[in-house]
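Welcome! Here is a short briefing to read alongside the sequence and the 3D view. Take a look at the picture, then follow the topics one by one.

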Amino acid sequence: MAGHSAKAAPARRATMSVWSVAALGIGSMVGAGIFALLGQAALLVGPETWLAFALAGVVAVLSGYSYAKLSARYPSSGGITLFFEEAFGRGVVSGTLSLIYLVTLVISVAMVAKTFGAYATKLFIPSGGHGWFAVFGSLIVILLAALNIAGSGAVGRAEVVLVSIKLVILAVLLAAGLWSMASGGTRDTSADVHMGLTTLVSSVGLCFFAYSGFGMMANAGADVANPKKTIPHAIYLAIGVVTLLYVGLSITVLALVPPDQLARDADTAVAQAARPVLGNAGFTVVALGALLATASAINATLFAALNVSAALARSDQLPKAFSTRFGHQGTQGFLWGVVAILVMVNTLSLGAIANIASATFLICYLAAHVACWKLARQTGASKAVVGTGLALMAIVLVTFLISTGKKQPLSLLLIVIAVAGSALVQWLIQSKHHGGVPHAPTR
């Protein structure tokens, strides 16, 4: 077992119930992912968008099983990076996977910032082009990075309010859309072009990003009285609720937004769907909800990236710049990450960034399945369930990468660079700290 991670955690008051943990997961999943990806997924599979989100929900439930088992066994853990260390030992493998996870957080911020820019442009400069997406996206990243460096807790304290607002907005849109569909006020989607199985499976990989926030629930393991029972139940409940919401929104948006408008405004598809049933005021409210959701997601992910990078630097898995202070709470390495985010926001399309983020998330969560498989005896996990989830995710990942290579070769190249670069950085760091020979795994 990897040294410090096996130590008993300090006693903490177990106050969270199944519902409170599930609420944490729902708040983490619903928001930026659905605002950013629904339109992109609809461009890929059209009327099968609802099915892609439903299948992604199945993959998420199986992934949540492994996450829950790992969290219940190691409730004092700091997250997925410690699961990697428990399974693979402290070395190049766990370090590479942890770094890929950190890179995923950085790419996710770029994707969500681009989405923020798209909604801000449609709201404040309706005639503005895609260049404004990057301007608004860059401004929100700079603002929230500055808040994180300054250590301001104001945005964090507002998180509960922001989550409530975005859930109410999406629920109203869904209800209005379903009412319109029931009264025959929406368009007929039966004539839309249906895509093949390969494209559908590939789109599941893209849609999985909208569920990736369920990992937040696993980190609550130390705050519940019976994590072995509470965490799995909360994960299944949260993913189930979110899947129903995503499927309903997918059906509604496709019924309300014509294909030509969807092709034009895919980046803001959720808000576009509000206009036919709620008018211009509805569009404005949903767009504002999207800005709140994306801003809160950017803030939370920047905070997580700051803490993960500092922890990796302290354990000699990243250069010391990532633990060298800059400002009150920031680090020099954090600034490098912010610069990388700004470069992506200003050079890549939302679709390209979404492909990269989805692929690296799939890789990280696939590795979590492998970790749970290796630690099945310690966690009490069923290898049959873990193996099923691992196989499904592997199929989705491979199909997604092949499809991305055909349609967006640049995105595939950047995915390869992200993974290979993480491995190279880890090998160099481990070599430096262990006399030219990478440190051997402790397992």
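Of the 25 residues of H15, 22 are buried, so this helix is largely enclosed by the rest of the structure. Buried means under 20% relative accessible area, exposed means over 50%, and partly exposed lies in between (1.4 Å probe, protein chains only). Helices (H or I, at least four residues) and strands (E, at least two) are DSSP runs, numbered from the N terminus.

This is a predicted model, in which local features need pLDDT of at least 70 and side-chain atom pairs count only at pLDDT 80 or more, while totals for chains, interfaces and linings use all residues. Residues are numbered from 1 along each chain as its sequence is written, and side-chain values use heavy atoms, with hydrogens and water left out.

**The whole protein**

- The protein has 18 helices and 2 strands.
- Buried residues make up 56% of its 443 residues.
- Among contacts (heavy atoms within 4.5 Å) with a separation of 6 or more, 81% are between residues 24 or more positions apart.

**Helix H15 and its partner H17**

- The 25 residues of H15 should span 36 Å at 1.5 Å a residue, and its end C-alpha atoms are 36 Å apart, which agrees. The expected span is 1.5 Å times one less than the number of residues.
- Helix H15 (residues 350-374) packs against helix H17 (residues 383-407) at an angle of about 155°, with the axes 9 Å apart. Axes are lines fitted to C-alpha atoms, for helices over the stretch in contact, and angles run from 0 to 180 degrees between N-to-C directions.
- H15 and H17 are therefore roughly antiparallel to each other. Angles under 35 degrees count as roughly parallel, over 145 as roughly antiparallel, 65 to 115 as roughly perpendicular and the rest as oblique.
- The crossing of H15 and H17 is left-handed. A crossing gets that name if the near helix is turned anticlockwise from the far one by less than a right angle, and is right-handed if clockwise.
- On the H15 side, the residues that meet H17 include Asn355, Leu362, Tyr365, His369 and Trp373. On the H17 side, they include Lys383, Leu390, Met393, Phe400 and Thr404.
- The residues of this contact divide into 16 nonpolar, 6 polar and 1 charged. Here Ala, Val, Leu, Ile, Met, Phe, Trp, Tyr, Cys and Pro count as nonpolar, Asp, Glu, Lys and Arg as charged, and the others, Gly among them, as polar.

- The axes of H6 and H14 come within 9 Å and cross at roughly 170°, which makes H6 roughly antiparallel to H14. Their crossing is right-handed.
- Among the residues of H6 that meet H14 are Ala134, Val141 and Asn148, and their counterparts in H14 include Phe334, Ile341 and Asn346.
- This contact of H6 with H14 has 11 nonpolar, 4 polar and no charged residues.
- Helix H6 (residues 131-150) has 20 residues, which should span 28 Å at 1.5 Å a residue; its end C-alpha atoms are 29 Å apart, which agrees.
- The buried residues of H6 include Phe133, Phe136, Ile140 and Leu144.
- Helix H5 (residues 92-124) and helix H14 (residues 332-347) have axes that come within 9 Å and cross at roughly 45°, which makes H5 oblique to H14.
- The crossing of H5 and H14 is right-handed. Val106, Ile107, Val109, Ala110, Ala113 and Lys114 of H5 make the contact with Gly337, Ile341, Met344 and Val345 of H14.
- By class, the contact of H5 with H14 has 8 nonpolar, 1 polar and 1 charged residues.

The neighbours listed here leave out residues up to four places away in sequence.

- Ser108 lies in helix H5 and is buried, with a relative accessible area of 5%. Ser108 touches Phe209, Ala357 and Phe361.
- Ser108 and Thr360 are 252 residues apart in sequence, and their C-alpha atoms are 9.7 Å apart in space.
- Gln40 sits in helix H2 (residues 32-45) and is buried, with a relative accessible area of 13%. Gln40 is in contact with Leu206, Ala266, Asp267, Leu350 and Gly351.
- Ser422 is in helix H18 (residues 409-433) and counts as buried at 3% relative accessibility. Ser422 touches Thr96, Leu99, Ile100, Val103 and Ile417.
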